[in-house]
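Subject: Structure for your review

Dear colleague,

Please find below the structure I wish to hand over to you. My findings on its domains and contacts follow.

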Amino acid sequence: MSVGVRPAGDRALLLELASNADAVRVARRARAELRGVVDVVPGHETVLLTFEAEPRPDEAVALAEAALADDHSPPESALVELAVTYDGPDLAEVAELASLSPEEVVARHCAVSYTAGFLGFAPGFAYLVGLDQRLHVPRRAEPRTHVPGGTVAIAGVYSGVYPRESPGGWRLLGRTDAVLFDASREPPALLASGDQVRFVAR
Amino acid sequence: MIEVLDTGPLTTVQDRGRPGLAHLGVSPSGAADPRAYERGNRLVGNRPGAASLEATLAGPKLRFLEPAVVALTGAEHWPAFEMAPGDVLAVEPYARGTRVYVSVRGGIDVEPVLGSRSTDLMSGLGPPVVRAGDVLRVGNEAGGAPEELPDQRLVAEPVLRVVPGPRADWFAAGALEALTAHPWRMSISSNRVGIRLEGERLEWARNEELRSEGLVTGALQVPPSGQPILLGPDHPTTGGYPVIAVVHSEDLWQLGQLRPGEAVRFSV
């Protein structure tokens, strides 16, 4: 249950953890309890803490260790279902790469429950962990310059939904009408790290 | 009201940005040279956090449609001066530095998004980039009397202090020394998201992929090309390239004033 700590400049620390679930748990505790913190940013197996002043590594590590010692159950979380039309331009290619039929790709993509591991890339973009191993395909060699908002995609170990039109190198499976990010909504991001996500084919 | 006659290469509205929302994927954004931006608000007597115009390399050219108190900071130095209705302010291309802040008493009034009037060039949050023909409203963020402050100079041959890590151990022996031993040239393909640096190749010691982790402004992120990218205020909140070192917070303002084509050095 050791927690690694690295400097990220003179105003931030990067905590290293054993799993994404640990990162989610430590991030929640840090946001609630750590003094003088500006941003708490979970990564895949890390939590970045930025501070108003000089960081206190001992305090941060102690808080992380306490968060992990207190609770071994999965972090409590919301379940979000996203209805998806699976008509993406890369569905056939993913099927070929995975030696599956397109229908099997859809079935496997919908079969599991994902965890929103962390956010990044764009406001409201959650890296969803839990993708079926058969669907672990590399990014496209040539990223697209325009991926429409609401596009459901996969790359490597992750699945995700593009919140708005942007460039993107992931493989596009389908689209959802869900609004992943709306600055006028509270909270603005539909998904928070630790949330459970399921895709439902429509 | 202020009529925009010309913007130069890029003019945006900026304030202190959106810190505290990185876990939602929202970049910090805000003025690229926070030191000059804060000073501008003090010179015109604004409350801290009032929005200013941030211009890049040249401009802007503005016609004031009402009386205004204005200051220029950053690459130009003009303590508070008065503009009468019809007066035109035209800022010539800057001899040194990259960004000028046009601070107007009362602040620039655009609709705040997530608590900030800053334009985030990466995500598109905040007001659109300023265009010629726009008419900007002056806000009511005047706080006290304009302050008189000593001149603030740019640094001619900048040496930015860095703190090694968080992933200095991801690199081949000698990479950190290479970072600090040689000057780096700022590529012209640099912006508020990141400053691309050209120089010695910084070799990775590992052949694996780093799992995405949180990033800070001032991080020197190194893609497999070995040419570092110095992250600016509109940087993505997470990324999977190792960060060899991070610029010290006291030197971060200089990121906003580095000039494309010019050299920058780093010291530990």
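The model is a predicted one. Chain A is split into domain 1, covering 4-70, and domain 2, covering 79-201. The C-alpha centres of these two domains of chain A are 27 Å apart. Their contact involves 6 residues from domain 1 of chain A and 6 residues from domain 2 of chain A. On the domain 1 side, helix H1 (residues 20-33) of chain A provides the largest share, with 3 residues. That side of domain 1 of chain A consists of 3 nonpolar and 3 polar residues, with no charged ones.

In chain B, the assignment gives domain 1 as 2-138 and domain 2 as 159-267. The C-alpha centres of these domains of chain B also stand 27 Å apart. Here 22 residues of domain 1 of chain B touch 17 residues of domain 2 of chain B. Helix H1 (residues 34-43) of chain B contributes the most to the domain 1 side, namely 3 residues. By class, that side of domain 1 of chain B holds 10 nonpolar, 8 polar and 4 charged residues.

Between the chains, the contact draws on 32 residues of chain A and 27 residues of chain B. On the chain A side, at least two residues each come from strands E1 (4-7), E2 (12-16), E3 (37-42), E4 (46-51) and E6 (114-119) of chain A. Strand E3 of chain A supplies the largest share, 5 residues. The chain A side comprises 19 nonpolar, 8 polar and 5 charged residues.

With kind regards

Key:
Residues are numbered from 1 along each chain as its sequence is written. Chains are lettered from A and ligands numbered from 1 in the order in which they are written. This is a predicted model: local features need pLDDT of at least 70, side-chain atom pairs count only at pLDDT 80 or more; totals for chains, interfaces and linings use all residues. Domain bounds come from an automatic or database domain assignment. Two residues are in contact if their C-beta atoms, placed from the backbone, lie within 7 Å. Helices (H or I, at least four residues) and strands (E, at least two) are DSSP runs, numbered from the N terminus. Ala, Val, Leu, Ile, Met, Phe, Trp, Tyr, Cys and Pro count as nonpolar, Asp, Glu, Lys and Arg as charged, and the others, Gly among them, as polar.
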